[in-house]
Each structure stands twice: as structure tokens, then as C-alpha cells.
Amino acid sequence: MVPQAYALSKVQGTVEPSFKQVLQDEGIDISGPGYEILAPIERSGTLFSFQLKTDFGTFPVRGTALLRKRLKELDALRRLERTDWGALAGDGAVEAVKRPLSFLGDLVRSPVDTLSNSAENLGQLVDGTVKTVSGETPVAAGPQREDEATSTKIAAAVVGRDRARREIAVKLGVDPYTTFAPLSAGLDKAAWSFASSNRVVRLATIFIPGGVGTAVTGVMTSASIQEMLVENPTILNERMREALSDLGVSPEATRAFLGQRVLTPAEKLVFVAALQQLGPVPSLDEQVQLVAQAEHTSSAYYMVMAALMAVNYHQEQEPLIEFKLLDGVPYGRTAAGKVAVFIAGDRIGWDLAQRIALIELQGKLERMQPVGEIEYRVYGLAQASLHEALWDRNAFIRERAPLAGSLEFH
């Protein structure tokens with residue numbers, strides 16, 4: 001064991017923050033309109049696990065990034081519910097289009113290689129499991145409506161319900177493919193009304209201003225991303241496939257990534273757009289494969305957030321000429337040899353294993369040539385002894401690392 005790791009192993013009694021302290025540190029209210037965060041907050045690996053109580057039930061949420069997304073979605077749902085959809089639909093059109101349309105026939109079709117030890121090492125920092133994903137051509141993902149009658153699906157195809165849903169979600173600044181069931185149901189209800197009454201063009205005039213361009217992870221997105229979020233999911237998948245090919249990502253990694261189920265298509269689009277901002281730098285294939293292998297949303301979301309932190313560094317600090325993985329951890333390097341490591345955890349170094357893993361990672365980075373200043377960018381907070389140990393080795397930690405301020409998809 002290296003000396004610094006041995007010293008860290010002697011750090012005892014790291015105090016877990018209290019329920020109120022966690023929320024205070026994160027700037028999140030314990031309760032608000034339509035929600036309450038229940039005690040206790042548990043920590044698993046580097047991520048917090050929350051219980052979000054709402055008027056629609058209590059939902060488990062892993063990680064503060066996802067919690068912020070859910071709170072934004074609840075706010076969007078409140079705005080949806082304040083709109084008189086019946087008045088906007090008019091002429092009973094919603095019920096009319098739901099009637100069986102048997103004469104139309106069935107218009108609706110039902111429609112990797114393992115990375116050495118990177119997946120296992122990433123688990124030390126995110127506490128999530130990953131696996132190889134294989135399969136044929138990826139299926140275009142969307143809201144899961146397994147219980148929906150065929151006639152309703154046909155009606156939806158005829159009147160354009162799903163496109164209307166995506167239009168509404170983008171105007172509200174939320175993920176059109178959200179897996180948050182209450183918002184998903186609210187978007188469907190609104191979409192039926194608009195699509196069946198041919199009034200989708202009025203969307204921009206009825207929603208409360210603010211947050212219109214907010215991406216699924218809190219990133220302000222461009223018109224190009226909003227346009228793709230409204231597109232048919234099959235077209236969206238094809239555009240992402242083309243973008244990844246242009247970046248030098250292999251067809252196998254691309255197919256696994258697009259076929260992966262734990263991220264929504266909107267979250268995948270944000271990740272691909274982030275990679276585009278970094279450009280065709282080495283080892284993007286490995287990054288994409290690792291996201292594709294994620295078994296849990298928190299594991300994949302971890303990598304998306306790390307990429308957004310990398311884009312901020314690339315745009316605001318110094319251009320990165322590399323964006324690679326070391327022991328499953330994303331890092332970038334500049335032309336001057338500076339290294340930035342991106343860790344999208346809520347709390348880093350509260351466990352002995354994490355502290356030792358970071359010091360060992362530091363040793364590997366130091367052995368790279370050339371190597372200059374090493375900066376650890378952490379989404380949340382890092383334990384004090386870890387700050388000290390890395391500072392002694394001419395490295396430093398930046399807590400509350402910023403994300404990309406804007407993204408373009410081309």
C-alpha cells in the first residue's frame with residue numbers, strides 16, 4: 001500500500017452528514033409544492049439514495065442529479081395540471097380519437113464487447129453494476145405503454161399524439177421520454193388534447209415562461225437539441241448513430257449504446273452532444289461502451305454527468321486533447337499536460353475504499369508522461385483528509401464542479 005493510502009486508512013470516524021445537513025448542502029428544500037423528501041437519506045458508494053414522497057406515491061431516487069431532475073418534473077406536472085385541457089381540445093375530440101379504428105388495420109409495429117476491468121473499477125466510485133449489452137438493431141425507445149390497447153395505439157399514430165407529447169415536454173423543459181410515471185401520464189393526457197384538436201402550434205403561447213430550453217440534466221440546450229427531442233425516436237436514434245460514427249465510435253459500441261435501456265433517448269442525446277463538443281478525441285469508443293454496459297440508471301447517469309463536467313472544462317478552462325478512462329474513471333488531458341479527472345459522485349472519500357482508490361489513481365496518473373497539474377472535479381463534496389492527501393501530491397479537488405452551460409447537436 002502506498003504511504004498516502006496507508007495514512008488514509010488510519011482516518012477513523014468519518015461522520016456521515018445529517019438528513020438536514022445533506023439537503024442544506026445541496027440547496028434542496030425538504031418539502032415543496034406536491035413533494036416531501038423523507039428521512040433518512042442513505043449513502044451507497046458515492047451517491048445518496050432519497051425517498052421522494054409525492055401526491056402520486058413515494059419514489060426512490062438515487063443521486064442528487066436525478067433528484068433535481070425529478071423535482072423539475074414535478075414542477076412541470078403542476079404546470080400541466082393548471083391547464084384546462086378539455087377546453088383546449090374542444091368538440092369531444094379526445095374521446096373520439098380513442099374509439100376503435102379497426103378499419104385502419106394494425107398501423108403500429110412492435111417495433112458488445114466486455115471492457116477489461118474498467119466496469120469493475122468504476123463500481124468502486126459509483127457503486128453500480130455494469131454488464132455487456134448485445135443485440136441486433138436497437139429498438140427506438142419511448143414511453144412504456146404495455147397495457148395500451150392496439151386501437152388506442154393506432155389512434156395515437158393517426159393524430160400524432162407522441163409527437164405532441166414531445167413538443168409539450170420540450171416547451172416545459174423536461175425529458176420527453178421521462179420514466180417518472182406521474183409526469184409521463186400527464187404528458188400523455190395533454191398530448192391527446194393537443195394532437196386531436198390540431199392546436200399543437202399554440203404550445204409556445206400557453207406555458208409559463210422560464211426553463212423552456214432546460215435539458216434533462218439541467219443543462220441549457222440549444223435549438224438543435226430541442227429539435228431532435230421533438231423528432232421521431234427512430235430518426236433520433238439514426239442521427240445519434242451517425243454522430244457517433246463521425247466521432248470514430250465502432251458500430252458495435254454504438255449499437256449497444258443505442259439499444260441500452262437504462263437511459264432515456266433524451267439522456268443519450270445529451271451524452272452524444274457532449275462527446276461532439278469534445279470532438280473526435282482518443283478512446284471515445286471505450287466511454288460509449290461503458291455507458292452501454294450500465295445496468296442501473298445511476299451508473300449510466302454518472303457517466304453522462306462526468307461528460308458534461310468535461311465539456312465545461314473544455315469550453316471554459318482549456319481544450320482537452322484526450323478524454324479517456326483510467327480504471328473506469330473519466331479523465332481528460334490538455335496539450336500542456338494538465339489532467340482533469342471527472343467524478344460525478346455526491347460524496348467522495350467517506351469510505352476507506354474510496355480514499356485508497358483515489359490515491360492509487362493519483363499514482364497511476366503521476367506515472368503518465370508528460371503530466372502537469374492534476375485536478376479532480378467532483379460533482380458533490382470530498383472528504384477533508386482526501387483534500388489534504390492529494391494536495392500533498394500537487395493535485396487538488398474542485399468541489400461542486402460546474403456542468404456544460406450549453407450543448408449543440410450537429
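How many aromatic pairs does a search of the whole structure find? The search turns up five, where rings of Phe, Tyr and Trp (its six-membered ring) pair if their centres lie within 6.5 Å, and planes under 30 degrees apart count as stacked, over 60 as edge-to-face and the rest as tilted.

## Ground rules

Keep in mind that this is a predicted model, where local features need pLDDT of at least 70 and side-chain atom pairs count only at pLDDT 80 or more, while totals for chains, interfaces and linings use all residues. Residues are numbered from 1 along each chain as its sequence is written, and side-chain values use heavy atoms, with hydrogens and water left out.

## Aromatic rings

Phe 48 and Phe 50 make an edge-to-face pair, because their planes sit at 65°, with the ring centres 6.1 Å apart. Phe 48 and Phe 50 are buried (under 20% relative accessible area, with exposed over 50% and partly exposed in between; 1.4 Å probe, protein chains only).

Phe 257 and Phe 271 pair up in a tilted way, at 5.7 Å centre to centre and 40° between the planes. This pair links distant parts of the chain, 14 residues apart: Phe 257 is in helix α13 (residues 251-259) and Phe 271 in helix α14 (residues 265-278). Phe 257 and Phe 271 are both buried. There is also a cluster, made of Tyr 313, Phe 323 and Phe 342.

## The overall picture

The protein has 18 helices and 13 strands, taken as DSSP runs numbered from the N terminus (helices H or I, at least four residues; strands E, at least two). Of its 410 residues, 55% are buried.

## The largest cavity

The largest cavity holds about 100 Å³ of space. A cavity here is a set of points, on a 1 Å grid over the protein atoms alone, where a 1.4 Å probe fits but cannot get out, and lining residues have an atom within 4 Å of a point. The volume is the space filled by probe spheres set on the points, which are joined across faces, edges and corners.

Its lining has 13 residues, and Leu 47, Gly 63, Ala 65, Tyr 301 and Ala 344 are the closest to the centre. Helices α3 (64-81) and α16 (297-316) each supply at least two lining residues, and α16 gives the most, with four.

## One arginine

Back in helix α13 we find Arg 255, which counts as partly exposed because its relative accessible area is 33%. Arg 255 and Ala 292 are 37 residues apart in sequence but 8.8 Å apart in space, C-alpha to C-alpha.

Definitions and conventions:
On a 1 Å grid over the protein atoms alone, a cavity is a set of points where a 1.4 Å probe fits but cannot get out, and a pocket is an open set with protein on both sides within 12 Å along at least five of seven lines; lining residues have an atom within 4 Å of a point.
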